[in-house]
Amino acid sequence: MNGARPALNVIMLGPPGAGKGTQAERLARTRGLPKISTGDILREAVQAGTEMGLAAKATMEAGNLISDDVMIGIVRDRLNREDARVGFVLDGFPRTVAQAAALDEMVNGRGPLIVLAMVVPEDILVRRLATRRICSKCGATAAVDWNVCGKCGGALIARVDDSIDIVRERLKIYLRQTDPLVNFYSTRGTFRAIDGNQRPDIVTAQVDAAITAATSAAGAAQ
Ligand SMILES: [Zn+2]
């Protein structure tokens, strides 16, 4: 490996059910980058019972969203760790324009920020989410090709709360929240929309091609 390889900073945007987690994981693995999921960090902090974890748990149990300040702090700490020097794949952050602006400051001087937005028609998302399965043991969300949990081998069960109405409502909230975010990024040369309504392998190939294109667009702009 070339030690002078420029950092590859990638964020993945997309509604729940768009396959963003799977693609983020694949990308991180093939490119040797840390996959940074704010959901994972929060879950681990809650499990470990850290001060931040307890505060986050109380906030979520009260039905509130974790504040921008807390989320920004979590991501800043994580990006300052050694393994993120080669870049990162961020999943679940930013969720708001304030978070996106803070992220721009964090990556300033660390190479371009590539933004991939996974796009899937709403009806397809609703169908995917309503039939989503989770692990009965560890709670992991099952990938489409799992027969048992890929993390612990536990049995997969249907998620009980995923009725069509709940799924539609959740999507509506997500889209209302993240539309301004897409607007924030979409005029940049390093922004790419990916058609997520295809076989996962084809999506992976398109993610790869989009990164190549976005990287050269960033190089040309310098
Ligand atoms: Zn499991």
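Predicted model: local features only at pLDDT ≥ 70, side-chain atom pairs only at ≥ 80, totals over all residues.

Visitor: What else describes the pair?

Guide: In general, two packed helices are described by the angle between their axes and the distance between the axes. Here the axes of α6 and α7 come within 9 Å, and the crossing is right-handed.

Visitor: Which residues make the contact?

Guide: From α6 there are Glu122, Leu125, Val126, Leu129 and Ala130, and from α7 Ile164, Val167, Arg168 and Leu171. By kind, 7 of them are nonpolar, 2 are charged and none is polar. Glu and Arg count as charged, while Ala, Val, Leu and Ile count as nonpolar.

Visitor: What does α7 lie across?

Guide: Helix α7 (residues 164-185) lies across β1 (8-13), β4 (113-119) and β7, and runs at about 145° to β1. Those strands belong to an open sheet of 5, in the order β2-β3-β1-β4-β7, with parallel pairing.

Visitor: What makes β2 and β7 edge strands?

Guide: Count the partners. β2 (35-37) and β7 (191-195) each have a single partner strand, so one side of each has no neighbour in the sheet. On average, neighbouring strands in this sheet are turned by 25° against each other, direction ignored.

Visitor: How do you know that β2 pairs with β3?

Guide: Pairing needs at least two bridges. β2 is joined to β3 (residues 87-91) by 3 bridges, therefore the two count as paired, and they run parallel. For instance, Lys35 has Val89 in β3 as its bridge partner.

Visitor: What is the peptide bond from Phe93 to Pro94 like?

Guide: That bond is cis, with omega near -5°. Most peptide bonds are trans. Pro94 sits in the loop between β3 and α5 (97-107).

Visitor: How do you know that the radius of gyration agrees with a compact globule?

Guide: For 222 residues, a compact globule would have a radius of gyration near 17 Å, and the protein has 17 Å, so the two agree. The C-alpha atoms fill a box of roughly 50 × 40 × 35 Å along the principal axes.

Terms used. Residues numbered from 1 in each chain as written. Helix = DSSP H or I, 4+ residues; strand = E, 2+ residues; numbered from the N terminus. Axes fitted to C-alpha atoms, helices over the stretch in contact; angles between N-to-C directions. Contact = placed C-beta atoms within 7 Å. Left-handed = near helix turned anticlockwise from the far one by under 90°. Rg over C-alpha atoms; globule rule 2.2 N^0.38 Å.
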